[in-house]
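Hello,

Here is the structure I promised to pass on to you. Please have a look at it, and then read on for what turned up.

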Amino acid sequence: MKHVWIWGIVPCLLCGGLSCSSGRPAPSAPELDPQEVAQQAMTLYDQNGDGKIAGKELEASPALKSALDELDTNRDKGLSAEEIASRIEQWNQAGDSLETAPMTFHKGKKPLASGKVTLIPEPFLGKDYARAEGVISDGICTPAAPNPGHYQALPRGFYTVEITEASETLPDRKWGVEIFSNSQKYRREGRYLIDFSKK
């Protein structure tokens with residue numbers, strides 16, 4: 001995998017995007033081997049060895065579960081190594097730059113007034129992935145992962161969403177998100193939506 005410099009946690013509002021100033025190092029995402037990463041995912045989550053991550057196995061990976069509708073090309077309600085590898089290949093084809101990830105946090109129609117967000121990368125993505133953090137204000141945040149240029153961005157990937165210090169009580173469960181601007185969800189909404197009222 002390509003080396004990625006890790007510099008401390010970057011606050012959510014340091015910078016507005018990848019081109020907000022000049023003279024900074026151009027950030028790049030970790031280079032992933034689709035087949036290797038997909039096999040790591042199967043090893044981690046395919047507990048019954050049937051060749052797919054499905055049912056209760058998906059509950060262990062909120063990030064993969066959140067992307068099921070798009071990745072499950074054969075509509076068997078599970079994810080195979082081939083389907084996961086195909087998605088990662090799409091990430092690679094989109095280039096090695098980081099992406100900004102505008103997110104909204106709602107409970108039904110009501111935005112979450114405040115809270116802290118941590119995006120935890122799936123372990124099968126490898127050690128070059130770091131957590132991204134941000135602060136919610138009126139339901140909006142753009143988390144950032146550490147990078148040399150201090151850009152408000154992070155690598156494409158599957159992440160578990162952790163909320164702390166929330167302004168109201170949230171359901172006791174985990175949420176997930178796929179950060180990929182070519183995903184149908186992002187192209188439809190223009191941002192990544194986390195709705196705490198949905199299961």
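**Around Glu70**

Leaving aside its neighbours within four places in sequence, Glu70 is in contact with Arg87, Ser183, Gln184 and Lys185. With Lys185 there is also a polar contact: the side chain of Glu70 reaches the backbone nitrogen of Lys185 at 3.1 Å. Glu70 sits in helix H4. Is Glu70 buried or exposed? Its relative accessible area is 17%, and the cut-off for buried is under 20%, so Glu70 counts as buried.

**The whole chain**

Before going further, please keep in mind that this is a predicted model. The protein chain has six helices and ten strands. Of its 199 residues, 49% count as buried. Among the contacts in the chain with a separation of 6 or more, 69% are between residues 24 or more positions apart.

**The largest pocket**

Lys185 comes up again here. The largest pocket holds about 700 Å³ of space. It has a lining of 24 residues, and those nearest its centre are Ser66, Gly176, Lys185, Leu193 and Ile194. Which elements supply at least two residues each to this lining? They include helix H3 (62-66) and helix H6 (184-189), along with strand S9 (175-179) and strand S10 (192-195). Sorted by class, the lining has 13 charged residues, eight nonpolar ones and three polar ones.

**Strand S8 and its partners**

Strand S9, which contributes to that lining, is also a partner of strand S8: five bridges join the two, and they run antiparallel.

How many of the eight residues of S8 (residues 157-164) are buried? Six of them are, and the strand is mostly covered.

Most residues other than glycine have a negative phi. Arg75, however, has a phi near 55 degrees, and Lys77 has one near 65 degrees; both values are positive, in residues other than glycine. Where are they placed? Arg75 is in the loop between helix H4 (68-71) and strand S2 (78-79), and Lys77 is in the loop between H4 and S2 too. Arg75 has a relative accessible area of 57% and is exposed. Lys77 is at 65% relative accessibility, so it also counts as exposed, the cut-off being over 50%.

**Ser61**

With a relative accessibility of 0%, Ser61 counts as buried. Its contacts, leaving aside neighbours within four places in sequence, are with Tyr45 and Glu122.

I hope this helps you find your way around. Happy exploring!

Best wishes

Definitions and conventions
Residues are numbered from 1 along each chain as its sequence is written. This is a predicted model: local features need pLDDT of at least 70, side-chain atom pairs count only at pLDDT 80 or more; totals for chains, interfaces and linings use all residues. Side-chain values use heavy atoms; hydrogens and water are left out. On a 1 Å grid over the protein atoms alone, a cavity is a set of points where a 1.4 Å probe fits but cannot get out, and a pocket is an open set with protein on both sides within 12 Å along at least five of seven lines; lining residues have an atom within 4 Å of a point. Grid points are joined across faces, edges and corners, and a volume is the space filled by probe spheres set on the points. Helices (H or I, at least four residues) and strands (E, at least two) are DSSP runs, numbered from the N terminus. Ala, Val, Leu, Ile, Met, Phe, Trp, Tyr, Cys and Pro count as nonpolar, Asp, Glu, Lys and Arg as charged, and the others, Gly among them, as polar. Buried means under 20% relative accessible area, exposed over 50%, partly exposed in between (1.4 Å probe, protein chains only). Two strands pair if DSSP finds at least two bridges between them. A polar contact is a pair of N or O atoms within 3.5 Å; within protein, one must be able to donate a hydrogen and the other to accept it, and residues adjacent in sequence count only if both atoms are side-chain atoms. Contact means heavy atoms within 4.5 Å.
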